[in-house]
Amino acid sequence: MHDFKYKNNELYAEEVPVSKIAEAVGTPVYIYSHNTLLSHFIAYRDAFDGQPHTICFALKANSNIAVLKLLANNGCGADVVSGGELHLALKAGIPPHKIVYAGVGKTELEIVQALKAGILMFNIESSDEMLAISEIAARMKKKAPIALRVNPDIDPETHPYISTGLKESKFGIPIEEALEHYRLAKKHPSLRILGIHKHIGSQITTIRPFVDALKKVILLAKTLRSHGIPIDYIDMGGGLGIPYRNEHPPHPSELSRAILPLMRGGNFNLILEPGRSIAGNAGILVTKALYLKKHPQKEFVIIDGGMNDLIRPSLYNAYHNVLPVKKNNRKKVISDLVGPICESGDFLAKNRELNRVNRGDLLAVMSAGAYGFTMSSNYNSRPRIAEVLVKGREFFVIRDRETYKDLTRGSRIPEFLKK
Ligand code: LLP
């Protein structure tokens, strides 16, 4: 479900013509729909109604402060993986008791900040990290709330770069070693064990891996409890996929129907960490065709958006649907949509059939609301692009397009180079 639809052959974001935003803000530009974001969050909230739970939006998918505020205002929590994300979550008004902190490489400073903030729990990824958190908490005369991230060795059947639950992955603690790690944790007076965390991967389009992984985790929870280790929270991570092309990922209500029976009677508090399934289809990247180019073997549409704006196609060979902002009846042509970056891997779509694109035409790259702007960069010294939030008939710039001034912000020329 999303709110980017054609009306009279023209693409709208909710009630606003996309071309109107492009004209006002320029291109390339990310456009998000308030209604889609909200309804995706509500779908989760409703699906898990009745089960004590917290939905902790994974900020890595989209960390624009306005998007976070929208979610915070509706009761959403946060899954953060850096001091920067913690800062943004708190700034958006997400209460600390709804913030979980994951990531294999938390620094001392980040741990201190999270302890000061009073987050719900750290999702610990190694015994070294456990020791570090314990020592820092002791120094601060605090008890650090923790869960251990276990790796249940389940194949999420997704792209290898975004699959995290297999044995060979760097994430988490092998589930067979979990008991001994929890025993170790129990010996640290400055750690308070709260639960178990797992996250097996992203863009998962079937229920089975979630069920298989959760079964293993619940079994572990029961074993731990029988050893006197308190497990109140089960954090099942994120990972639910979205339709980019013709996938049919389960709806949050199907997920809840499959997993809630497993939780029954366990007296667990459930945490979910969705990112993509809330923000992915709530955003598009709008870009303009600059030039057309014909090689004997191939046609190219050179657009003003590149891999620095949306890296998913280059990095994962990810498919994003591309739609003309204004429909037309021109002849169908197969071409590559390539950006202005000086890299052969700079493309947003390959061998794509579209009605012939003319110079100046606007194109919408769909499903770009998650891992779009957050993974963007200044490569080729391109200012990062603007972000816009649409609500009904109105639209709001929620991040200004960077300027050239931003390209030198913080950099300095040492005296010896000045003349
Ligand atoms: N929780 C943890 C611990 C995670 O590592 C992630 C994603 C999530 C939650 C959210 O997963 P989601 O619901 O969005 O699938 N850049 C890649 C995706 C990387 C995902 C990393 N971890 C992409 O563009 O596909």
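1. Domain bounds here come from an automatic or database domain assignment. The model is a predicted one. For the protein chain, the assignment gives domain 1 as residues 4-31 plus 280-408, and domain 2 as residues 103-272.

2. On the placement of the domains: the C-alpha centres of domain 1 and domain 2 are 36 Å apart. Asn281, Tyr316 and Tyr319 supply 59% of the area that domain 1 buries against domain 2, more than any other three residues. The two domains bury about 800 Å² between them, and 58% of that area is on carbon and sulfur atoms.

3. On contacts across this boundary: 10 residues of domain 1 are in contact with eight residues of domain 2. The count of salt bridges between domain 1 and domain 2 is zero.

4. On the second largest pocket: the space in this pocket comes to about 290 Å³. Its lining has 15 residues, of which Met1, His40, His251, Pro252 and Ser277 are the closest to the pocket centre. Helix H2 (residues 34-47) provides the largest share of the lining, four residues. By class, the lining of the second largest pocket holds nine nonpolar residues, six polar residues and no charged ones.

5. The largest cavity has a volume of about 70 Å³, and the second largest cavity has a volume of about 50 Å³.

6. What lines the largest cavity? The residues are Leu292, Glu299, Phe300, Val301, Val333, Ser335, Leu354, Asn355, Arg356 and Val357. Strands S15 (299-303), S17 (332-338) and S18 (347-355) each supply at least two residues of this lining, and S15 gives the most, with three residues. The lining of the largest cavity divides into six nonpolar, two polar and two charged residues. Glu and Arg count as charged, and the lining includes Glu299 and Arg356.

7. The second largest cavity is lined by Tyr44, Phe210, Met236, Gly237, Gly238, Gly239, Leu240, Leu255, Leu272, Pro274 and Ser277. By class, its lining has seven nonpolar and four polar residues, with no charged residue. Gly counts as polar, and Gly237, Gly238 and Gly239 are among the lining residues of the second largest cavity.

Methods: Residues are numbered from 1 along each chain as its sequence is written. This is a predicted model: local features need pLDDT of at least 70, side-chain atom pairs count only at pLDDT 80 or more; totals for chains, interfaces and linings use all residues. Side-chain values use heavy atoms; hydrogens and water are left out. On a 1 Å grid over the protein atoms alone, a cavity is a set of points where a 1.4 Å probe fits but cannot get out, and a pocket is an open set with protein on both sides within 12 Å along at least five of seven lines; lining residues have an atom within 4 Å of a point. Grid points are joined across faces, edges and corners, and a volume is the space filled by probe spheres set on the points. Contact means heavy atoms within 4.5 Å. Buried area is the accessible area (1.4 Å probe) that two parts lose on being put together, summed over both. A salt bridge is a side-chain nitrogen of Lys or Arg within 4 Å of a carboxyl oxygen of Asp or Glu.
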